[in-house]
Amino acid sequence: DPATSDGRVIFFLPWQGRTIAGTTDTPTDITNRPQPREEDIQFILNEIRHYLSKDVSVRRGDVLAAWSGLRPLVSDPSSKDTASLSRNHVIDVSKSGLVTIAGGKWTTYRSMAKDTIDRAVKVCELKPHSGSRTDGLLLHGAMDYSPTLFIRLSQDFGLDAEVSQHLCSSYGDRAPEVARLASLTGRRWPVVGRRLVNEFPYIEAEVLYAVREELAHRAVDVLSNRLRLAFLNVQAASEALPRVVQLMGDELKWSKRERQAQLEEGKVFLKSMGGQARDEIRKVPINFTVEEIKGYEKVFKQVDVDGDGHISKLDLRRVLSQIGEKVTEDELHDLIAEVDTNQNSSIEFEEFLELMSALKTGAIANSRLDIIIKGYHTVDVGRSGGGI
């Protein structure tokens with residue numbers, strides 16, 4: 001819809017169980033790693049509110065990932081602004097017969113290729129055996145694909161239905177090749193298919209497949225281009241990054257130095273994709289009344305079991321045990337890391353207040369730690385063996 005405050009188009013697209021909200025291009029400088037500007041994110045958020053029910057509030061913290069890119073528009077020497085630049089591809093033939101294509105975009109690559117070859121055939125007076133066949137040419141993986149393929153995949157390999165659907169929709173009839181690389185989960189069901197993060201159907205076997213069959217050699221490439229996780233939820237991608245580096249490092253025989261370099265590159269990349277959750281927490285000023293701070297201090301002390309002024313992994317494990325939740329050591333680490341702005345592997349009271357303030361203002365939409373603490377206060381601790 002172009003009826004926005006500055007005339008730029010706003011669009012909504014359902015994708016991978018999420019919704020992409022975006023707009024068109026604006027003039028910018030050329031950089032190697034373009035990043036979304038905060039004013040552009042706020043523009044999109046402000047504009048999409050006009051299309052939603054009044055009871056739906058879209059906050060800055062609801063943004064799971066954000067990105068921008070550079071679009072190659074064909075320049076017109078007489079134009080003064082981007083509005084007059086061509087958004088389609090342009091084919092030019094030089095006096096010497098050199099055929100050049102410029103502009104265009106990924107989604108029209110077949111049309112671009114067809115038009116270029118057709119022009120070359122005409123200019124060079126070639127005599128092809130047939131016309132273009134791209135319209136009916138199936139992509140790799142489409143030959144034996146069917147919408148019910150995932151059922152057979154689950155039955156044959158013992159994969160979770162959601163994972164099977166994801167593999168079939170992403171790899172087509174190559175999904176069994178990925179499934180054969182899946183490792184045992186150690187549970188009754190699913191039998192195989194360890195997820196990289198619990199909330200998404202991406203499994204470790206896909207990392208191995210990307211390395212062995214698709215020549216992937218960078219963790220950033222796997223998280224963004226192969227699995228798309230960085231585009232769906234940058235926090236989840238951050239959690240998956242160390243495991244992806246470990247799997248790729250073992251497969252490609254990376255040195256300790258190379259593994260660390262891949263980790264650092266991944267962190268920088270994910271920050272450019274909106275991975276600034278801890279930064280957003282710290283940016284929000286703490287603006288509570290004295291009574292509100294006393295209330296939060298009481299909650300903090302209830303979770304800080306040993307009373308040392310920090311919420312540690314041990315404190316969280318005790319709380320989770322009382323509400324009937326079992327978590328791994330890695331999951332405990334991730335819970336702390338979401339809030340640990342000074343990165344000392346524990347949560348101090350000031351960090352706790354920063355989190356509560358960020359949640360109150362909408363700078364972040366939700367926090368697993370906040371949900372756990374709320375659940376803890378609904379438990380009848382008298383029946384669970386005593387406590388607070």
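Predicted model: local features only at pLDDT ≥ 70, side-chain atom pairs only at ≥ 80, totals over all residues.

User: What makes the pair of Arg243 and Glu204 a salt bridge?

Analyst: In a salt bridge, a side-chain nitrogen of Lys or Arg is within 4 Å of a carboxyl oxygen of Asp or Glu. For Arg243 and Glu204 the N to O distance is 2.9 Å, and their side chains meet in a salt bridge. Arg243 is in helix H9 and Glu204 in helix H6, so the pair ties together parts that are 39 residues apart in sequence. Helices are DSSP runs (H or I) of at least four residues and strands are runs (E) of at least two, both numbered from the N terminus.

User: How many salt bridges does the structure hold, and which residues form a network of them?

Analyst: There are 15 salt bridges in the structure. A network of them links Arg174, Glu214, Asp221 and Arg226. Within it, the side chains of Glu214 and Arg226 meet at 3.2 Å, N to O. Glu214 belongs to helix H6 and Arg226 to helix H7, twelve residues apart, and the pair links distant parts of the chain. Glu214 counts as partly exposed because its relative accessibility is 25%, and Arg226 counts as partly exposed because its value is 27%.

User: Why is helix H6 described as mostly covered?

Analyst: Eight of the eleven residues of H6, which spans residues 204-214, are buried. They are Glu204, Ala205, Glu206, Val207, Leu208, Tyr209, Ala210 and Val211. The cover over these buried residues includes helix H4 (161-171), helix H5 (175-179), H7 and helix H9 (234-252).

User: What makes H7 largely enclosed?

Analyst: Six of its eight residues are buried, so H7 is largely enclosed by the rest of the structure. The buried residues of H7 are Ala219, Val220, Asp221, Val222, Leu223 and Ser224. Their cover includes H6, helix H8 (229-232), H9 and H10.

User: How do H7 and H10 cross, and at what angle?

Analyst: Two packed helices are described by the angle and the distance between their axes. The axes of H7 (residues 219-226) and H10 (residues 256-272) come within 8 Å and cross at roughly 40°. That makes H7 oblique to H10. Under 35 degrees counts as roughly parallel, over 145 as roughly antiparallel, 65 to 115 as roughly perpendicular, and the rest as oblique. The axes are lines fitted to C-alpha atoms, for helices over the stretch in contact, with angles from 0 to 180 degrees between N-to-C directions.

User: Which residues make the contact between H7 and H10?

Analyst: Ala219, Val220 and Ser224 of H7 meet Gln262, Glu265, Gly266 and Phe269 of H10, where contact means heavy atoms within 4.5 Å. Glu265 also has a salt bridge with Arg218, at 2.6 Å, N to O. Arg218 lies in the loop between H6 and H7 and Glu265 in H10, so the pair ties together parts 47 residues apart in sequence.

User: What is found around Asp304, and how far away is the nearest side chain of opposite charge?

Analyst: Asp304 is buried yet has no salt bridge, and the nearest side chain of opposite charge, Lys301, is 8.3 Å away. Lys and Arg count as positive and Asp and Glu as negative, while His and the chain ends are not counted. Asp304 is in the loop between helix H12 (290-303) and strand E5 (310-311). Leaving aside neighbours within four places in sequence, Asp304 is in contact with Gly309, His310, Ile311 and Asp315.

Note on methods. Residues numbered from 1 in each chain as written. Heavy atoms only, no water. Buried < 20%, exposed > 50% of the residue type's maximum accessible area, 1.4 Å probe, protein only.
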